[in-house]
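Visitor: I would like to go through this model with you, one topic at a time. Could we begin with a charged side chain?

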Amino acid sequence: MTFESFGTAAAAMLAGVFFLAFILGAVVQKTQFCTMGAVSDWVNMGDLGRMRAWLLAIAVAMLGVALLEPLGLIQADGAFPPYRAPSLAWVEHVLGGFLFGIGMTLASGCGNKTLVRIGGGNLKSLVVLLVIAVVAYFMINPFPGTAHTLYSLFFHPWTSPLAIDLGRSQDLGSLLAGSEYGPWARTAIGLLLGVGLLVWLLRHREFRRNRDHVLGGLVVGLAVVGAWVVTSIVTIDDGFGSQVPPAAYVQDWAFLADGPEGRPAEAAPWSPQSFTFINPMSQSLRYAASGFDTAVLYVGVMALAGVILGALFWALVTRGFRLEWFASGRDFAHHLLGAVLMAVGGVLGMGCTIGQGVTGISALALGGFFTFASIVFGAALTMKIQYYRMLHEDEASFPKALVTALVDMRLLPRRLRRLEAL
């Protein structure tokens with residue numbers, strides 16, 4: 001879609017993402033699609049229903065990108081954030097995912113679920129959102145009067161030297177077939193993985209019969225694909241017979257625009273992208289703090305608003321809207337710590353359970369797989385520790401619960417078990 005001005009192009013992109021986010025929020029509220037719940041059901045009850053819903057979202061998103069990218073309808077190579085960057089910051093993906101997994105367990109849900117719970121009236125999640133927004137903002141923006149961010153102070157000096165320069169895009173196709181044949185290999189791998197995952201999922205009769213699980217996974221996956229398309233196909237007529245993507249238009253604003261009016265503060269947030277929720281929380285904080293200046297109104301802000309309002313809509317329609325507050329000081333402390341860990345982990349890992357666990361993987365980015373696995377591991381380990389401490393109370397010190405949880409996960413020998421098995 002080509003527009004005559006940046007303003008109309010930006011409005012179309014923002015409106016399209018908001019519409020998709022609204023549907024996403026409503027359906028997630030209706031189906032109880034929850035990535036933290038997926039890990040919890042698996043670890044605590046052996047129930048894979050919600051985990052399969054998450055995997056269905058991944059399969060649908062992978063297939064969508066594999067089919068539409070060769071047609072030029074998705075431009076994932078220049079994405080924001082740069083999922084396919086040639087530098088693989090594997091330590092940040094692993095550490096970030098692990099911290100995020102712990103955080104979402106303590107805070108009762110991932111970034112997307114936090115927004116959905118706010119729409120349903122959960123004030124605890126509103127506090128979580130505000131804390132994530134502040135911490136994530138200062139992870140990537142300097143403290144007032146300094147040149148330092150949380151990332152530059154605590155992570156960059158030791159994580160950056162460990163990054164691996166792959167010399168090419170980090171998507172699986174390019175890694176296996178090289179830059180020349182990478183796009184073809186990427187399409188083939190995406191189709192094979194997506195179809196294989198779908199076949200495996202649909203073999204399970206119980207999953208097929210659960211309409212909420214199927215609907216939730218299907219809509220989340222399609223929403224991710226839809227956002228990729230909406231942010232990839234919008235272009236602007238430069239007046240010289242060419243169509244310029246929004247990010248490139250902003251970069252060349254002085255040459256293409258008639259004047260400075262309406263110029264965004266940054267170009268990168270106008271690049272092709274799909275749903276992710278940690279960085280958009282910091283973007284939304286910046287937008288509000290600026291007095292709602294349209295120069296910092298980005299796609300992520302509209303995605304955030306759309307999910308909350310979609311969840312609110314469904315909660316009101318079904319009379320499920322309920323105000324909820326912290327049950328105790330301990331409950332507050334857990335949510336506070338969880339929010340901090342999600343903010344730090346989400347920025348380090350370059351995404352959340354949706355941002356990397358679906359969107360990043362849909363681009364077949366190696367970092368997305370690392371982050372996804374680390375999130376699941378961090379959440380599963382935390383849940384097992386919590387369960388042992390609850391089950392054994394005073395006997396279960398943190399070290400004992402940790403060692404026993406690692407034994408359960410077959411990461412330590414059974415002779416080291418310190419507490420009775422689940």
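Visitor: Is D77 buried or exposed?
Guide: D77 counts as exposed, because its relative accessibility is 53%. Here buried means under 20% relative accessible area, exposed means over 50%, and partly exposed is in between, with a 1.4 Å probe and protein chains only. This is a predicted model, in which local features need pLDDT of at least 70 and side-chain atom pairs count only at pLDDT 80 or more, whereas totals for chains, interfaces and linings use all residues. Residues are numbered from 1 along each chain as its sequence is written, and side-chain values use heavy atoms, with hydrogens and water left out.

Visitor: Which side chain does D77 meet in a salt bridge?
Guide: The partner is R84, at 2.7 Å from N to O. A salt bridge is a side-chain nitrogen of Lys or Arg within 4 Å of a carboxyl oxygen of Asp or Glu. R84 itself is buried, with a relative accessible area of 5%.

Visitor: Which residues are linked with D77 and R84 in a network?
Guide: E69, D171 and R186 join D77 and R84 in a network of salt bridges.

Visitor: And how many salt bridges does the rule give?
Guide: The count comes to 12. One of them joins the side chains of D41 and R50, at 2.8 Å from N to O. D41 counts as buried at 9% relative accessibility, while R50 is partly exposed at 21%.

Visitor: What does E324 pair with?
Guide: E324 forms a salt bridge with K124, at 3.4 Å from N to O. E324 lies in the loop between α15 (299–317) and α16 (329–348) and K124 lies in helix α6, so the pair ties together parts that are 200 residues apart in sequence. Helices (H or I, at least four residues) and strands (E, at least two) are DSSP runs, numbered from the N terminus. E324 is partly exposed, with a relative accessible area of 38%, and K124 counts as buried at 7%.

Visitor: A change of topic: in what order do the strands of the open sheet run?
Guide: The 3 strands stand in the order β1-β4-β5, with mixed pairing. The edge strands, each pairing on one side only, are β1 (2–3) and β5 (243–244). Two strands pair if DSSP finds at least two bridges between them.

Visitor: Do β1 and β4 run parallel or antiparallel?
Guide: β1 pairs with β4 (residues 235–237) in the parallel sense, over 2 bridges. T2 stands opposite T235 in β4.

Visitor: Where is T231?
Guide: T231 is in helix α11 (residues 211–233) and is buried, with a relative accessible area of 2%. The side chain of T231 reaches the backbone oxygen of A227 at 2.8 Å. A polar contact is a pair of N or O atoms within 3.5 Å; within protein, one must be able to donate a hydrogen and the other to accept it, and residues adjacent in sequence count only if both atoms are side-chain atoms.

Visitor: Which residues is T231 in contact with, beyond its neighbours within four places in sequence?
Guide: Those residues are M13, V17, S271, P272, Q273 and V299. Contact means heavy atoms within 4.5 Å.

Visitor: And S374, buried or exposed?
Guide: S374 counts as buried, at 10% relative accessibility. S374 is placed in helix α18 and touches H93, V94, G97 and F98, not counting residues up to four places away in sequence.

Visitor: What packs against α18 (366–392)?
Guide: The buried residues of α19 do. In helix α19 (residues 398–408) these are A401, T404, A405, L406 and V407. Just after α19, R410 takes a positive phi of about 60 degrees.
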